[in-house]
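Me: Could you take a close look at one part of this model for me? I'd like one connected account that also shows how that part sits among the rest.

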Amino acid sequence: MADYYELLRVPRDAGQEDIKKAYRKVALEHHPDRNEGSRESEERFKQVTEAYEVLRDPAKRARYDRYGKEGLRGQGGFGGGFDFSDALEVFMRDFGGFGGFESLFGGRRGGNRPMRGKSLRLKLPLTLRDVRRGVSRKVRVAVLEACDGCGGTGVKDGARPHPCANCQGSGEERRVERSVFGQFVSVAPCRRCRGEGTVISEHCQGCHGEGRTRADRQIQVNVPAGVSSENYITLRGEGNVGPRGGPRGDIIVLLEVAGDDRFTRDGIDLIVEVPLTFGQAALGADLQVPTVDGDTTEVEVPAGVQSGEVIRVRGEGLPELNGRRHGDLLVRFAVWVPERLNSEQARLIRELREVEDPAPGKIDRERRRGFWSRVREALG
């Protein structure tokens, strides 16, 4: 995603008022209501709103200026959970509330524009094995569906709602307030019809006028390989039906990748620690090392390996999300020293101590690595 300052078209030293004005202008420009529901505009609207939420907060802005977006992860940033409904709430919060927001686009509520259903969020637990292969899961979720008894209108016996007498069907009412500074006129949702523009005289008994009833649905979630807990999946139009015939909201699937006691994840690489006995480290050995798929792979331990040295097994890591690269399995050795010895073991080790070479002042691990291995690491 582009730089937050570039998204809002402001200099890096812009003041808070300049940031707020710039956000309002850019958000109105990219709102889907002004762009025939364009998905590209919706995505841009979310991006500029995320930028605004960071730059309006001095603490988040300072972290962003110093570390970039990575500095916001786990520190009250977004980390993949900021969706379109969040962006709308931010805009309405800072620019006049619900009624004021609708009037910016020249629209009115009520029968002209049904309310969209609220987006749902659910968590999907995953394992590292799921991350390596990708996975398709079926999940049951409770959603609000259109009422069968009234067809989603909320009205008894198929009758129609009638225009609200308080707001004449606009869904809005003007309120005049007087203070020492003069007279103020504000536009807010109508108190009688709650901004819908219509009222129901006889409610449907099945849904009590809501036009919706709760039901369980089974949805399929296709998770690509290479994801992490920072990612999420948006299922467009799979969420709750809106009140009285409104369009469906979305389902936001938050991915939760569980840890694995055997492995440490480092981006697309996996690290596994393998204990060695002194004999295996000194003489070398062939070992079976676990992989994330549940199988094992054979690793040749070179004679004289030192504790902390690493052998790379190509292709046994995790794939890059939406990329072509594939990570490796890094096998890190740890020489195990027994805490208790029997008499025979103690005797043999005492004999070894009499003839073994003294330890060097420093272990030269670089000498054991190949030239091209060091070149690749230097080039990243």
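Reply: Axes here are lines fitted to C-alpha atoms, for helices over the stretch in contact, with angles from 0 to 180 degrees between N-to-C directions. Helices (H or I, at least four residues) and strands (E, at least two) are DSSP runs, numbered from the N terminus. This is a predicted model in which local features need pLDDT of at least 70 and side-chain atom pairs 80 or more, while totals for chains, interfaces and linings use all residues. Residues count from 1 along each chain as its sequence is written, and side-chain values use heavy atoms, with hydrogens and water left out.

With that settled, helix 3 (residues 39-55) packs against helix 4 (residues 58-67) at an angle of about 105 degrees, and their axes are 6 Å apart. Who touches whom? Glu53, Val54 and Leu55 of helix 3 are in contact (heavy atoms within 4.5 Å) with Lys60, Arg61 and Tyr64 of helix 4.

At a relative accessible area of 4%, aspartate 250 is buried (under 20%; exposed is over 50%, partly exposed in between, with a 1.4 Å probe and protein chains only). Its side chain makes a polar contact with the side chain of arginine 116, at 2.8 Å (a pair of N or O atoms within 3.5 Å, one able to donate a hydrogen and the other to accept it, with sequence neighbours counted only if both atoms are side-chain atoms). A polar atom of the aspartate 250 side chain also lies 2.9 Å from the backbone nitrogen of glycine 237. Leaving aside residues up to four places away in sequence, the residues that aspartate 250 touches include Lys118, Ser119, Leu120, Leu235, Arg236 and Glu238.

Thr234 is also touched by aspartate 250, and threonine 234 stands opposite isoleucine 252 in strand 9. That leads us into the sheet. Strand 8 and strand 9 (residues 251-257) pair in the antiparallel sense over four bridges (two strands pair if DSSP finds at least two bridges). They belong to an open sheet of three strands, with order 1-9-8 and mixed pairing.

Some other loops deserve a look. Glutamine 168, between strand 3 (162-163) and strand 4 (172-179), has a positive phi of about 55 degrees although it is not a glycine. Histidine 208, in the loop between strand 6 (198-199) and strand 7 (212-223), has a positive phi near 60 degrees. Most residues other than glycine have a negative phi. Is glutamine 168 buried or exposed? Glutamine 168 counts as exposed, at 61% relative accessibility, and histidine 208 is exposed at 61% too.

Glycine 149 lies in the loop between strand 2 (135-146) and strand 3, and is exposed with a relative accessible area of 62%. The C-alpha atoms of glycine 149 and glycine 211 are 8.8 Å apart, although 62 residues separate them along the chain.

Stepping back, the protein chain has 10 helices and 15 strands, and 39% of its 380 residues are buried. Of its contacts with a separation of 6 or more, 64% join residues 24 or more positions apart.
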